[in-house]
Structures are given as C-alpha cells and as structure tokens.
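Please look over the sequence and the model before reading on.

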Amino acid sequence: MTRADKILTAGVIVLVLVAFFFNSKVFSTGSKDGATAVIKVQGKVVMTVDLYQGENKDTFTLEGKHYPETVEVENGSIRIIESPCPDQICVKRGWIDTPGESIICVPNEIVIDIESGKNSIDEIDVIAQ
Amino acid sequence: MAKTHKLVYISLLVTLGTALHIMEAMLPNPFPIPGAKLGLANIVTLITLYLYGFKEGLGVAFLRVLFGSLLSGTIFSLSFMLSLSGALVSTLVMAVLIGFIPAFSIIGVSVAGSLAHNLGQLMTASILIQAAGIFYYLPFLLFFSLPTGFSTGLITRMLLKYLPRESRP
C-alpha cells in the first residue's frame, strides 16, 4: 500500500458515506411519495388508490373472483383486513406501503401492488454478471 | 520467437479469464446485494496490463467477456452488456493509472479498477433499464469494491512474482 493507495481508499470511504447520506435523502422519501396501490382482479386493474393523499383513512369492499374482501387504507399503507379465503395469507401479509411490495391472494385472484412514479427502485430486478 | 511467445501467453490469459468469468457466475453471490461480486476475472486483465500494456489488456478483457458469455449462454443479454461495459471501463481506468500515475501500487490500481467496473456497470444499467433508481445501489457497490479490489490486487501482486519478466515482448 503506497500513500496514493491509502488516499484512494479513504476517498472511497468518504464517497460511500456521502452517497449513503444522499441515498437516504433522495430515495427513502422520494420512493414512497406519490405511491399508488394498484389493485388487480383476475389480471385486470380494477382500482388504483393514491396513497399519501394527505391523512386518508378508508375501508372498502373489494369484489374478488369468488368472494368479497375488505381492504383498509390508512396513512399511506394498505392491507386486506378481512377475507373469507381458507389460508388467510393475504390478511397475514399485513400493511404494505413501499413500492415493490405486494399482497397477493391466489384463490380469489386479487393482486395489490404498490407502484411509484419517479425514483422507483422496484424496477431493479436483474442479476449483473 | 517473441511474437509466438506473446501469442501463446495472451491466449492463455484469455482462456484463464474466460474460465474465471464462468466460474464466478456459478458461485453463489457472497455479498448481500445483487451485482456485487469478487471480480476474479479482473486479475487476468490486471496481469495482462502489467505484462503487456493497454492494447493487450483491453483485448483480453473484451475476449474473456465475449467467450465467457458465449459459453455461459448470456451473450447479448443485459448481463452481457453489463459485464462488457464494466470490463472495458475498468481496463481503461487501470491502464491510465498504470501508465500515467506511478504513485499507485497494484492494489490501488485494482481498487480503482473495481470502482470503475461498478460505475460503468451501473451507468449502463441505468441507460438500458431506463431507471435512475438503480443508483440507489451505488454506495453499496462502491463499498464492496474496496475489499474485492484489494483482494484481487493482492492476488495479482503475488502472481506477478512468479510470472517470468521475459514474457514481455
């Protein structure tokens, strides 16, 4: 290790810290802002819910393929609170609020995806080689 | 004679690089984030740069990505583009450091190459996927290029001791 090497290493560490700081500023606030919940039944979009539209609190009934489910929206999060399906997996999934997360009810063919407009990091789905 | 000597050496280096490239693709990712990897194939590029120079280094880097992707079946896919851009950018940066800034040791050059590799890859990825959000990975990748660059640099330094200097043209 020469002096130049050490300077480079130190420079990188500083850069990493700055980048982490930058990341927490840009992405964590930016990604959840304007998040939308896209609700699909049998592959078709039936409803989009704007999360983060102020202090919203809403409960509504969603007609699935076989039976209705109850969906709750509160403070930028969405969840299924009640479903007559046997496994209750969608209910146990709980609240979701981050782009890329989803609730999927297989028997009733309901999919709720959180999507975001800008700065979305949910599109990163490749493995670099 | 020297020409044949060089031809054989370069061929061996390309072969070695291809083998490392494929082997590395088979290894499970040792890091918690996708995209980070050990960069074993970079050792070969680095050796070529030190033994021969920029032109040969670039050639070896290009050929090992080409053959490695051809053999692992990822050619012209997104991962091929990422590999290629990373390899070419890092070779370029390492060659510049070796040629013009003698203050850096092999380890420093290797770390810089590793950084350049990740940066080049990330830029290509952001252009190809059209998602600026991918830069979220930047600090993670930069951070992991320190240990990987350091270790490949160390391995290269050890290897260069055993490689005959007369293999220079």
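## Terms and basis

Two strands are said to pair if DSSP finds at least two bridges between them, while helices (H or I, at least four residues) and strands (E, at least two) are DSSP runs numbered from the N terminus.

This is a predicted model, in which local features need pLDDT of at least 70 and side-chain atom pairs count only at pLDDT 80 or more, whereas totals for chains, interfaces and linings use all residues. Residues are numbered from 1 along each chain as its sequence is written, chains are lettered from A and ligands numbered from 1 in the order in which they are written, and side-chain values use heavy atoms, with hydrogens and water left out.

## The sheet of chain A

In chain A, 3 strands form an open antiparallel sheet in the order β3-β4-β5. Because β3 (57-63) and β5 (77-82) of chain A stand at the edges with a single partner strand each, one side of each has no neighbour in the sheet.

Strand β4 of chain A (residues 68-74) pairs with β3(A) over 7 bridges in the antiparallel sense, and Lys57(A) stands opposite Glu74(A) in β4(A).

## Chain B and Thr124

Chain B has 6 helices and 0 strands, and buried residues (under 20% relative accessible area, with a 1.4 Å probe and protein chains only) make up 53% of its 169 residues.

Thr124(B) lies in helix α5 (residues 106-129) of chain B and is buried, with a relative accessible area of 18%. A polar atom of the Thr124(B) side chain lies 2.7 Å from the backbone oxygen of Gly120(B). Leaving aside neighbours within four places in sequence, Thr124(B) is in contact (heavy atoms within 4.5 Å) with Met81(B), Leu82(B) and Ser85(B).

Note on methods. Buried < 20%, exposed > 50% of the residue type's maximum accessible area, 1.4 Å probe, protein only. Polar contact = N/O pair within 3.5 Å; in protein donor to acceptor, adjacent residues only side chain to side chain.
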